[in-house]
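I am keeping these entries as I look through one structure, beginning with a helix and then turning to pairs of charged side chains.

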Amino acid sequence: MKQLKFQLKNKLKVLLIQSTKSPVVSVQMWVKTGSADEKKGEEGISHFIEHLVFKGSDKYKVGEIANVVEASGGELNAFTSFDQTVFYVTISKNFSDVALSVVSQMMGHPTFDAAETDSEREVVCEEIKMGKDSPQRRSSQLLFSTAFKKHAYGIPVIGYEKNVRSWPNNKIKKFYQSRYVPSNMFLVISGDFETAEMKAKVNEYFSDFKPYKLEKRKRVVEPVQKKYVSQFEKSDLQDQHLHFSFKAPSVKHKDVPALDVLAMILGQGDTSRLVKKLRLQEPIVSSVSVFNYNPQDKGLFVVSAHFEKGRMDQVVQGILKEIDYMMNNEPLWEEIKRARVSISSEQFYSVETVDGIANKAGSSEFYMGDSNAHMKYLAAINAITPEDVKKVAQKYLKLDQLSVSYMANEEKAASEKKLKEIPKIWKELVFVAKNKTKKIKNKKIKIEKLTLGKTSKSIHPEVEKIVLPSGLKLMLLPTSDIPTVSVKLAFRGGARFETPQTMGLSELMANVYLSGTENKTEEQFLAATEDLAMGLSAFTGKNTFGFSLEYLSGFEKKAVDLAVEAFTKPLLGNDVIQREKEMMLQQIKSKEDHPSFLCSRQFGKAMFGDHPLAYETLGTAETLKSLGQKEIVNMKNEIFSASNLTMAVVGEFDRGYWIEKAKELEVAFKPKKVTSHTKVPFALTENKRIYLEKDKEQSHVIIGYRGLSLTDPDRFVLQTIQAILAGQGGRLFYELRDKSSLAYSISPLKMESIETGYFGGYIACSPEKVDKAIEMFQVEFKKMYETLVGQEELQRAQRYLIGQHDIGLQRKTALTNLLIFDEIYGNDYHQSLNVADQYHKVTPEKIKNLAERLFTKPNVISIVGKKV
């Protein structure tokens, strides 16, 4: 990929990365200001400005920024973190000028209209409320506030509601003018363009930024931690959240690569020590993970675990024992190999999209001042030894550098007492001693270095469809851009092959299927997959059951052979089945912590009754009791037929080898008749309104109507209706969020299945806004059939859909999904690959007719939240 770095006269740095892989361009502006650069009373102002620059500029009025991007088939968004704020547009190369215009206007010429600022205050306050209802966000904020007592990393990026409501507009503008200065920003553009031409365009669009003076900000330095600290927060959650965080260095420190490898060995992937011990072998946690966070200032090395009430003591002991082991023993070379291969393989998948290319280069430039820093990082990773990992474990995993946060549905006094006892347990279990070093053969092994060569233009020849005598279908689409392969195998199956008494069977089968083979234990099998940096998983849904496989082309034979062994010779052991049933029971309980899920579940039951479309994926505590090895084997035997199998392979693969493997699967899965299991749902003859009371900051609302089937010829019309309503430039966002400030989160909803589906809308808002939100949804749905959609709005929706299609198909997984599911459901995949033709056939009259067909019928309204 060709790169050019230069600086404009106004001191804006620019990085151009030419990649002809896909006809798409990503324009990203990285602003060197984040929440950690805010003073007292300013907490959250960077995030608020992120919202406000979308609200209008010298050139664009309210709503026009999103509208012009989406009307050109692009997508735009932004995020604020502790260290930076990033704005980005991804768009067809034919509309790159739109992206340049929009980003330059947002960054250099926002208007900060006072009325729009006040309107957006409500939206951001709704976002803050949404965070208070999120177990993950609350848990994360507790983690950082416990570890950082003075530094701004301990303050939520989003800030506080009192601040958002109180800042005068001139204060916001002043902050913007002091930080959004050309010398404090840099522009990254990646994708398919001519470098000289793009350089000239950058000069044209970005040279006129006003020369505001940069106000340098000095961050508060976190005092050196000298003793163990802990913090407890009472919750009513089913899952208990525990975080062990140790002070770690900043991103530029030489120890970062070794700490990343330590994190992988301890808690990333199924073969990591903590996952293997606490999730697979015992099991006492529903999840456990380790991450090494190295921002601009000093960061954290974190061990996180979620588990059932009453298991804290066991989990603490388990974590400390593994920490003790890493401090006293060098990891095995096999563990080093897996970590190095896994980290190195990421370079292949990260450049699948122009966004990925820009993100990687932008992050490297921001933190290291070098857009190619990731290459030096990979070189450092490939030099890591077991001794290096042991050294950083001893250096950073210290009791006086430990902060523990615990969010749980337990008594405060008892929990705080347990937290105070951790230092005592640590001193009993964790200490460096010669007699604790285990004598294990640890012979150095050869570790292949994975290097990404030149990426080429992605050329998609015609899909080849091969049908074997059994009826097995093999779809092959070779590409030659990046040496990776995406594969999907799917059977007709899933929830519709269950009964009300066996709900959850498909999910249980997916969870246990890849847990060992007749020739390999679970541990051996998982180690083999990670040695090859391959992604292998089982999936299930309402209508299908199958497997997803991703691998590097250089590992093809080993990866495919291992996958086929897993598909055809599963172990399906009773011990694994019982373990996964326990995990599913815990997941069922933890779902009760998520009001959006409860709202969706309630909606599905009201819409579809006892039809499989309303079945709960995980089943229920009652149905899981009756499920075991016999039921799994029976389902496998029912759906695993060669005549019921469709396969799709996309990427740089060996055609002959895959045909050979397909024939092998044909023999393993003997062809037999598979029952269709279709069932017509009951007729929805009247409106339904269902309410579930929950004491939450926000209420969650779904309003929906019966929709279309997967093969309905009007499905492209319905997608167009969805596009008219969706997006930041769509009707719902503009009317309910931009104009009425009802919510942060709002979107249309659509689901299609074999017999029918649904279409509607979702919103999360304050309880007092619920009735108005429902009324406005109904008004917008009614408009779709009472007034013909204008040609300009229709064209915007068509371009948006076509652009999203092209952007999405940068990823090989998207191509495999398109091919396999169109084939299974009987749709013509040529239509989906060349979808522009279908969208251009949609007319205002067709939209009106379909909208009237759907939105004049009875609806279902599901509400979860406080009573007003």
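**Helix α8 and its neighbours**

I first looked up what the buried residues of α8 touch, and I found that they pack against β1 (2-7), β2 (13-18), β3 (24-31), α3 (96-108) and β6 (185-191). I note here that the model I am reading is a predicted one.

Which residues of α8 are buried? I listed T195, M198, K201, V202, Y205 and F206. Looking down the axis of α8, I saw that these buried residues fall within an arc of 120 degrees, so they line one face of the helix. On the other side of α8, I found A196 and E204 exposed.

I then checked the length of α8, which runs over residues 195-206. With 12 residues at 1.5 Å a residue the helix should span 16 Å, and this agrees with its end C-alpha atoms, which are 16 Å apart.

How many salt bridges does the structure hold? The count I noted is 62.

I began with K21 and D481, whose side chains meet in a salt bridge at 3.5 Å, N to O. K21 lies in the loop between β2 and β3, while D481 lies in the loop between β13 (473-478) and β14 (484-492), so the pair ties together parts that are 460 residues apart in sequence. When I looked up their accessibility, I found both K21 and D481 buried.

My next entry is the salt bridge in which the side chains of E522 and R579 meet, at 2.8 Å, N to O. This pair also links distant parts of the chain, since E522 belongs to helix α18 (residues 522-531) and R579 to helix α20 (residues 574-591), 57 residues apart. Are these two buried or exposed? I found that E522 is buried, and that R579 is buried too.

**A pair within one helix**

I also looked up K625, which forms a salt bridge with E622, with their closest N and O atoms 3.5 Å apart. Both belong to helix α22 (residues 621-625), and because they are 3 residues apart there, about one helical turn separates K625 from E622.

Key. Residues numbered from 1 in each chain as written. Predicted model: local features only at pLDDT ≥ 70, side-chain atom pairs only at ≥ 80, totals over all residues. Heavy atoms only, no water. Helix = DSSP H or I, 4+ residues; strand = E, 2+ residues; numbered from the N terminus. Expected span 1.5 Å × (residues − 1). Buried < 20%, exposed > 50% of the residue type's maximum accessible area, 1.4 Å probe, protein only. Arc of directions from axis to C-beta. Contact = heavy atoms within 4.5 Å. Salt bridge = Lys/Arg side-chain N within 4 Å of Asp/Glu carboxyl O.
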